[in-house]
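Good morning, and thank you for making time for this presentation.

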Amino acid sequence: MDSNVGKTVWFDLPVRNLLDAMSFYEGLLQWKYAQMTDSVETDYVMIQVGDALIGGLRRIQEPLQEQPNLSGPILYFTVDQLEPNIKRAKELGAVLVGDKVDLGKGRGCYQHLQDREKNLIALWAPR
């Protein structure tokens, strides 16, 4: 088993005003930001601390009633392979949220899901 399996590797913070949130966190935590080039993700910036990318700010649309499952922070957990772990999550009572996303360019893929307590998390795999 990969020693990274089960580790939190990323987080997303949902924000309504991307520029304002960027300014706030830059002032508070000295975060810098990077755009992901040629990405399926839009309205999204990655958070950079030193040389490391640690998470992202994701602009959400209003009203939140249209996106109730995406209105809070999302933690991404590493798995060695996505498909078998999606299947296992469903067997354990998870509900898939949206479709699997392939980030392209060797960036891996992820699947959002709700656990049995309705917490939104994501599983991410390098392939």
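Let me begin with a question: the side chains of which residues meet in a salt bridge at 3.3 Å, N to O? They are E91 and R88. By salt bridge I mean a side-chain nitrogen of Lys or Arg within 4 Å of a carboxyl oxygen of Asp or Glu. Both E91 and R88 lie in helix 2, three residues apart, which is about one turn of the helix. R88 is partly exposed, at a relative accessible area of 44%. In this talk, buried stands for under 20% relative accessible area, exposed for over 50%, and partly exposed for what lies in between, with a 1.4 Å probe and protein chains only.

The model is predicted, so local features need pLDDT of at least 70 and side-chain atom pairs count only at pLDDT 80 or more, while totals for chains, interfaces and linings use all residues. Residues are numbered from 1 along each chain as its sequence is written, and side-chain values use heavy atoms, with hydrogens and water left out.

Now to the overall layout. The chain has two helices and eight strands, and from the N terminus the order of elements is β-α-β-β-β-β-α-β-β-β. These elements are DSSP runs numbered from the N terminus: helices are H or I with at least four residues, and strands are E with at least two. The C-alpha trace spans about 40 × 35 × 25 Å along its principal axes. For 127 residues, a compact globule would have a radius of gyration near 14 Å, and the 15 Å of this chain agrees with that. That radius is taken over C-alpha atoms, and the globule rule is 2.2 Å times the number of residues to the power 0.38.

What of contacts along the sequence? Of the contacts with a separation of 6 or more, 52% are between residues 24 or more positions apart. A contact here is a pair of heavy atoms within 4.5 Å.

Let us turn to the interior. Of the 127 residues, 35% count as buried. The largest nonpolar core has twelve residues: W10, M36, Y44, M46, I74, Y76, V97, V101, L103, Y110, L120 and A122. Strand 3 (44–49), strand 5 (74–78), strand 6 (95–102) and strand 8 (120–125) are the elements that give two or more residues to this core. Such a core is a set of buried Ala, Val, Leu, Ile, Met, Phe, Trp, Tyr and Cys residues joined through side-chain atoms within 4.5 Å.

Leaving aside neighbours within four places in sequence, M46 touches several residues, including W10, Y33, M36 and L53.

Strand 8 also holds I121. Is I121 buried or exposed? At 19% relative accessibility, I121 counts as buried. Beyond its neighbours within four places in sequence, I121 is in contact with I74, L75, F77, Q111, H112 and L113.

We return to the charged pairs. The whole structure contains five salt bridges. In one of them, K100 pairs with E83, the closest N and O atoms being 2.8 Å apart. K100 lies in strand 6 and E83 in helix 2 (residues 82–91), so this pair ties together parts that are 17 residues apart in sequence. K100 is partly exposed at 42%, and E83 is partly exposed at 46%. In another, E26 pairs with K32, with closest N and O atoms 3.1 Å apart. E26 is partly exposed at 34%, as is K32 at 45%.

Two loop residues deserve a word on backbone geometry. Q30, in the loop between helix 1 and strand 2 (32–34), has a positive phi of about 60° although it is not a glycine. K105, in the loop between strand 6 and strand 7 (109–114), has a positive phi near 50° and is likewise not a glycine. Q30 is exposed at 54%, and K105 is exposed at 59%.

L29 is partly exposed, with a relative accessible area of 40%.
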